[in-house]
Amino acid sequence: MSTLPPVISFRDVCYAYPEAEDYALEGITFEVPACGTEIILGGSGSGKSTILKLILGLIKPESGTVEVDGADIGKMGEDELMTVRAKMGMVFQEGALFDSLTVAENVGFRLRDKEQVSDEEFAERVRPLLGFVELDEFYDRMPSELSGGQRRRVAVARAMAHRPELILYDEATTGLDPITASTICNLMVKLRDLEGVSTVLVTHQLRDAFQIAQEFVFMRDGQITYNRIDDLNVLDGVEFMVLNEGRAVFRGRQKELWETDNPYVRRFLS
Amino acid sequence: MEAVVNGVSERLKRTILNIQEFTMLSYRGFVNLLTPPRYWQDTFDMMDVIGVGSLTIVCLTGLFTGMVLTVQSSATLDAFGARPYVGRMVSLSMIRELGPVLTSLMVAGRVGSGMAAELGSMVVTQQIDAMRALGTDPIRKLVTPRLVAGVVMIPILTILSDAVGMLGGFLVARFTLRLATQFYWHSAMDAIQMEDMIMGLVKPVVFGYLVVAVGCHLGLSTRGGTRGVGVSTTRSVVIASVLILASDYFLNLLILHFVYP
């Protein structure tokens, strides 16, 4: 387990959406260490995406604290949050690409907006990002011309464009065929292992969650090599959390997940 | 009875909350101009959408309004033997009232609804959240350029509409009513005073702000998927139109009181 301070820290966080009678999240506590992976599982409406919105500061907790790199984001104004968000990337459920911009403009949105780079530098920095997600030839295409999987890959490239320390994935593989979903998972693993990016993944796709937990990637002779740990006893750095109706009913490693006797988790895994 | 009271109180609370959000959005939209980053390219793009995009519809509206005004008023003026004054009637009506109001109503239907639909779609497809996640303030990037473009372009469109309306009036006066060209234009131009121009330019500035602010507010507060986008679009046209007509009355009172001698 990493000895570095946590990138994200939730302490007894509660949140209810306006006009909702029940809490969307209740008493959530967890930490994500630097370069760690947190996989949040749960059914629809269990509060998974709400956790990501809280991390980004898009909503504020009603009680408890949410810290990113030691800073309490619940107490920050929108301007301060922009600085914190610069350390994060987010991949939304359907990609959330800007319809009116090309693929390249989407990927380089932050470069144009925050760094005002020249056209040459823009292309120099965006092309490798599109190469990373293997969509070089889609540079000038519009999002409407892309398939669902391609949109998610562009969203991954956009999220990594400013070299974030942390990437949040909101159901990034939901609704995709198994092969495309596996490609997206490979990208997540590649980013985590080769770029040292901490990962928070929200999903209800068990197959993808376990792929990210067990797969690892390294460079050998200039080639990217994928491998998989099948012995759950040695699997390290990946924590699972299972949510049910806004409460965390399980938190631990994959091996403990399989061994838990919590009835909801058992039903979820079956 | 209790249910009715609760319902009314809930509705009242929601209305007050909406007014508060609308005011905050307007305030932040304009205050953003004081500090960088300022999105001038987006502002010019929106000026193109609002100004150039609405040119045809605004000119047609002005033309036919001027023509109808001439036909209608000539009958009344003839009864007093005052047909040569038809130009005066058309120019003052267009500049003080019909130009600003009709231009703004047309832009509300064409552009305000489009803004509500565009921003509403961006909300339901999480593009607004994505923008915030990428460290960009959506109000600064999307609302401020639209507000500036609306406040600048609607007065310009109004001036064009006034001019085309007077031209339409002239065409009818010259070729249907057989009025001499110099009679029409002399009467039309002599009637216009500085106070009329102030009234004719202050109104579209306020209306421009209302059309854009309502469209942006309803777009950004869209809830409930694609159905919500439709609701926001329709409401933006209805609310902006009512606000234009209501504020027109109060602006008339204010300007008549403070500007006219």
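Modeller: Happy to! Please keep in mind that this is a predicted model. Let's start with the secondary structure: chain B has eight helices and zero strands. Going along the sequence, the order therefore reads α-α-α-α-α-α-α-α. As for its dimensions, a box of roughly 65 × 55 × 35 Å along the principal axes is filled by the C-alpha atoms of chain B.

Now to the packing. Chain B has 261 residues, and 44% of them are buried. If you take the contacts in chain B between residues at least 6 apart in sequence, 88% of these join residues at least 24 apart.

Next comes the meeting with chain A. To this contact chain B gives eleven residues, while chain A gives 15 residues. The side of chain B that touches chain A is made up of three nonpolar, five polar and three charged residues.

Strand β6 of chain A, residues 88–91, is covered on both faces. A:Met88 and A:Met90 are buried on one side, and A:Gly89 and A:Val91 are buried on the other. β6(A) pairs with strand β7 of chain A, residues 166–170, in the parallel sense, over four bridges. Within that pairing, A:Val91 has A:Tyr169 of β7(A) as its bridge partner.

Notes: Residues numbered from 1 in each chain as written. Chains lettered and ligands numbered in written order. Predicted model: local features only at pLDDT ≥ 70, side-chain atom pairs only at ≥ 80, totals over all residues. Helix = DSSP H or I, 4+ residues; strand = E, 2+ residues; numbered from the N terminus. Buried ≥ 20, exposed ≤ 12 C-beta atoms within 10 Å, placed from the backbone. Contact = placed C-beta atoms within 7 Å. Nonpolar A, V, L, I, M, F, W, Y, C, P; charged D, E, K, R; others polar. Pairing = 2+ DSSP bridges.
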